[in-house]
Each structure stands twice: as C-alpha cells, then as structure tokens.
Amino acid sequence: MDCPFYDSHAAAWVPGKHYTGEGLFLLNPEQIQGYPALEAALRRCEDQRLYCEKEEMTLRLPVALLEEDDRFGTVARMTHLTLHHTPQSLIILGEEALLKTLQQDWLGTLGQIPLGELLQRILLNSIYSHERVARVLVERLQELRMALKTAMGNVELRQIVVLNRDLGELVIALRETGLILRDTLRATPGEAAAYPLLDAALREQRRIEDGVNLVYERYLTVTNAYNGIIQNNAHTVMKVMTVWLALLMMPIAFIMPFHMMTVLPLEHWHYLWFGLLAYVFGVTLIFAIWARKHGFFAM
Amino acid sequence: MMRIIRDCLLSGNANRRSWMALVNPSALELTQAAMTLDIPESFLRKRLEGEASRPIIKQERLISLQFQVPIPEDGRIGQFLLVPLSVYFVPGYFVTLAEQEIPFLSTLIDPQKPRKRWELVLRIIAEVTRLYLPTARAVAREMAMVERDLRQAQRHDVVYRGLDIHDRLLALDLGLLQLEYVVSEIGYFLPTEDKDLLEIHDDTRIELSQVRDQVDSDQETINELLESYAYVVHNNVNHLFKFMAALIILVTIPLFIPGAAAMNVPLGPLPHWRYGFAAVTGGLIVVEILTAWIFYRKGWLRLE
C-alpha cells in the first residue's frame, strides 16, 4: 500500500512505497509494520500519550470527527492522531479517513514549510477539530430544540442528551490535548525551534478549550427548560381534550331537565324540540367562543 | 470597498503609516490589496471566510489580529450582528478588514492626531468593549418583556424567547472571550518601557473583564430563570385544567338530579304534580350555585 510522502523540493505529495525516515509521511497503522523503532515509539506513546527521547518526540492527540448514528443522527466521534517528530521527519499516523481529510484540508498547500511549522499546523488541526465539531453539534442542538416545539415523545430529548454528552467529551478531549502539549513543552528545551510553536499551540488550545467549555456549560444548564417544553406539549393536548369533553357534556347537562317525567313547561308548544336544541347548542356555542378567546383550544 | 488614507498613524519608530480600510472587498480589491501590501491573498481571504484560525498571528512581515464587533441591527432592540474585524500591521500600512463598515474607526484613526500603532489597537479594542456592554444590556432587557408575557402564557413560546436571549448572550460572551484572549496576547508585543501604553492595556483588560462579568451574570440569570419560565407556563395550563375540571363537575350535576326524575319506574306523585319541574330544576339550580360558590371560594373557578 502506498504511503503519501510530501516531497518538499517538488512541493507536492507523492506516493511512497516505503517509509524511509526523512520528510513528511502520512501513515496508517498497517504501514509502520517492519519499522521496529517507530513501532516501539508508537507503542510507548499509546500508554503514555507522549514519549520524548533526545530530539525525538511522539504525541498521541485526540481528534474530533462527526459521524452519522442510526439512532441519534449526527454525533461526535473521538479518534487519535499520533505524531512522531524528529529533526528530519514528521510522521502522521492515524486512520485512513482522517489522513485523507488532513491531506486535503490542511496539508494541501504546504510549499516549503519547515517541519516545526508543520507540526504546529497538525497540532492546531487537532485543536480546531473540536471547535468545528462543537459548532455542528450546537447547530444540531438548536434544530432539535425547535423540533421540541411539537414533540410529544422523548426522541428529541434523548438526542439532546447525547449531543450534550458529546460536547462534554469534546471538552475532556481538549483538556487532554492541553495536558499533552504542556508536557511536550516541558520536555522541549527553551532554545529549540519548536518551543515557540508549541507554546503558541498551547495558548490556542486554552482559548478553544475556554470557548467549547463555555458553550457546553451554557447549553447544559438549559436542558431542564427542554423537559418543561415537552411536558407543556403533553399538557396542551390534555387541555384541549378536556375542553372538548366539557363542550360535549354541556348540551347533555342543559337538556337533562327536559328528560324528567314531570309536567314540563311549554310541553304543548309545537316547536319545543327545535327550541330546546337551539337553546342547548346556543349555550354551548357561547361557551366555546369564550373558551377560544381565552386560549383553551390553542395547541 | 478599498480606501487608503495616508499618514494616519505612527509605527514603533514613529514613522508615519497609511491606513488601508477594506470593507466587504470584491475579489479584485482583495487581489489589489494583497499586491499593495505584498502579502499572500489567502491571508486576507481566510479571515473573511471565517475559518477557524488563531485570532493573533505573528509572522515575519506582519502581525494580524481578529475579533468580533457587535453591530446593533437598525430598529431591532437587542438584535445585533457580530462582525469579524481583522487588523493587520504590514510594513508601511495599517489594514482593517471587515464585511461591513465599523463606525468608530474613522473617528479613532485621525491623520491630524496620529496615534502609535499599539495604542490605536488598544483604543479600538476599548471601543469594541464599550459596544458589547449596551448590546448585552439591550438583550438582557428583553427578559423583562418575556416576564411580562409570562403571566398569561400557556404555550412555551416564552421559553423559546428566553432560549433565544440565552443564545445571543452566549454569542456575546464568546466574542468577549476572544477579545480577552487578543488583549492578553497583545501584552507580549507591547514595549515594556512605554508606561502609558501599559496603563492603557491594563485599563482595557479591566474594562473587558468587567463587561464579561456583566454578560456572564446576565446569562446565568437567564439560565436559572428558564426553568422557572417553563414551570410558570405549566402552572398557567394547570390553572385551565383546574377550571375545566370544576366546570365538568358542575355540568355533571344535572346528569344525576334530573336523571333521578327521569327513570322509567313509577315516580309517585311527581309526574302529575304541577310544580314538579320547577321544584327539581330549582333544587338543581340551588345545588349548582352552592357548588359553584364553594369552587369559587377555593379558587377553582378562577382563571387568574
């Protein structure tokens, strides 16, 4: 299988047959088999998230993606991107789909960027992936909120709960990224070229974490209002059904005295039946108009 | 639109710089601007496209800042647009880039009284901060209107209006957060020997933090109130239920009192008694009035 290699002289991506140790490579986990040093670094990194040795460092960063779930619609999915950085090379290891997106969106126009700046670009991509996903989740949350206007069941509410949980996951993943970057910065000598780039990435991580955390907290606190909206929908239906029940009972109640086995007033009047029907339905109609004016029928 | 005004501000070495204002520029204007400034066009375009990027970028030949300016919508109190304003320092130029005209820029950038570049940026940020405050107050004031309608509300429209206020306050809060970040980052660029500039920076930071506290507190208030809004709406609907149930009880009474005199069994003297109808109906009316009075006293027949 080809592994995309960035040829900085030609300023273009070329399919490489093998990982050769120098330059920028995009690899999936299968492609590192047969390179014991790289495999060992990645294995250690899986346990510790960060592994530094001399000028080499390996970071395992969380990246947020979107995916479609049969039950809950658009949801967030967390995956990991492993970066192996040496003075001569930058190896980006992750699942195939993630690498393709990365290559298209972020690494398309590289020119002759130094490896340190490339590392920063990838770090920022990992950080911004959380913000991008959070933005989509918030849009979806707002759509679901509007759908709640007429919802009777719990489908929308359950989806909102999933989205809130996903937003929480994004905050946690961003914090994890922050911890990794802080540790990386501590392990990097202050005079190293990568130091200011890592420092800028860490500051950006803090800013994005603050923003996503703010969005998460604010949306979480209004979840109870959604419960109120759903309950109100059910109440409204019951209200309208009750007013119909009262309306149907009214003619019966008003006509009832004329069912009595007594001497009835106007019983010899030829049009009494019509008169009684007009009377009971007239009273019911007046009540219906009054009830409508007071919003009893409003759904 | 692109306009260049010469000698509007001073660089770090007190050299005069020109102001290039790009307002909703066309593709051609962007190309021209990039050529004049000798920077990649993508640098300007990306900022306009609103892609996720660092609000403050320092490169060899330029420094770029970006923050959101709240612009109130005409005639719609509490409604606003957050317009991204990008500022660039390029050799020879101070560039502002926005999708619409930012009203106070022309006042702040005065060729008669050119300011130092960082002082100008801090003054712009202070002005933006001052814009956030009345915008947030106008949004928060809508809560009073929602509360006024809440008394009669039977539907959750008021809750949705509350949620809309919540979203707008959150947008302002996020804008302020970005601004706060920019101000804190600017601190690294300021010359430490310029005490006046450091003082302006401190003032801006404090003012910004106060405005953010204000927006935060408004937002916390609306968050707490939203749940109560939903309960008030419930309660209004429950009042209707209570009223309906009382009404149904009242209309059920005639079913059994005249019903007793409507049975198909011998009813004694009642069928032939001249005042039978008046007596039973009169009794029914007395029972109805009595029941209605009790219900009214208990508040079950009141809609308020």
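Student: Is the crossing of α5(A) and α5(B) left-handed or right-handed?

Tutor: The crossing of α5(A) and α5(B) is right-handed; a crossing is called left-handed if the near helix is turned anticlockwise from the far one by less than a right angle, and right-handed if clockwise. Please keep in mind that this is a predicted model, in which local features need pLDDT of at least 70 and side-chain atom pairs count only at pLDDT 80 or more, while totals for chains, interfaces and linings use all residues. Residues are numbered from 1 along each chain as its sequence is written, and chains are lettered from A and ligands numbered from 1 in the order in which they are written.

Student: At what angle do α5(A) and α5(B) pack, and how far apart are their axes?

Tutor: Two packed helices are described by the angle between their axes and the distance between the axes. Axes are lines fitted to C-alpha atoms, for helices over the stretch in contact, and angles run from 0 to 180 degrees between N-to-C directions. Here α5 of chain A (residues 194-221) and α5(B) pack at about 165 degrees, with their axes 10 Å apart; helices (H or I, at least four residues) and strands (E, at least two) are DSSP runs numbered from the N terminus. The two helices are therefore roughly antiparallel to each other, on a scale where angles under 35 degrees count as roughly parallel, over 145 as roughly antiparallel, 65 to 115 as roughly perpendicular and the rest as oblique.

Student: Which residues make the contact between α5(A) and α5(B)?

Tutor: Two residues are in contact if their C-beta atoms, placed from the backbone, lie within 7 Å. From α5(A) the contributors include Arg207(A), Asp210(A) and Leu214(A), and from α5(B) they include His166(B), Asp173(B) and Tyr181(B). By class, this contact has six nonpolar, two polar and four charged residues, where Ala, Val, Leu, Ile, Met, Phe, Trp, Tyr, Cys and Pro count as nonpolar, Asp, Glu, Lys and Arg as charged, and the others, Gly among them, as polar.

Student: How many residues does each chain bring to the contact between chain A and chain B?

Tutor: Chain B brings 46 residues and chain A brings 43 residues. On the side of chain B that touches chain A, α6(B) gives the most, with 20 residues, and by class that side has 31 nonpolar, 10 polar and five charged residues.

Student: How does α5(B) pack against α6(B) within chain B?

Tutor: Helix α5(B) (residues 157-186) and helix α6(B) (residues 195-260) pack at about 160 degrees, with axes 9 Å apart, which makes them roughly antiparallel. Here α5(B) passes α6(B) in a left-handed crossing, and the contact has 20 nonpolar, six polar and six charged residues.

Student: What is the angle between α3(A) and α5(A)?

Tutor: Helix α3(A) (residues 115-147) and α5(A) pack at about 10 degrees, with axes 9 Å apart, and are therefore roughly parallel to each other.

Student: Is Leu90(A) buried or exposed?

Tutor: A residue is buried if 20 or more other C-beta atoms lie within 10 Å of its own, exposed if 12 or fewer, and partly exposed in between, with C-beta atoms placed from the backbone. Leu90(A), which lies in strand β7 (residues 89-93) of chain A, has 21 other C-beta atoms within 10 Å and is buried. Leaving aside neighbours within four places in sequence, the contacts of Leu90(A) include Leu24(A), His85(A) and Leu115(A).
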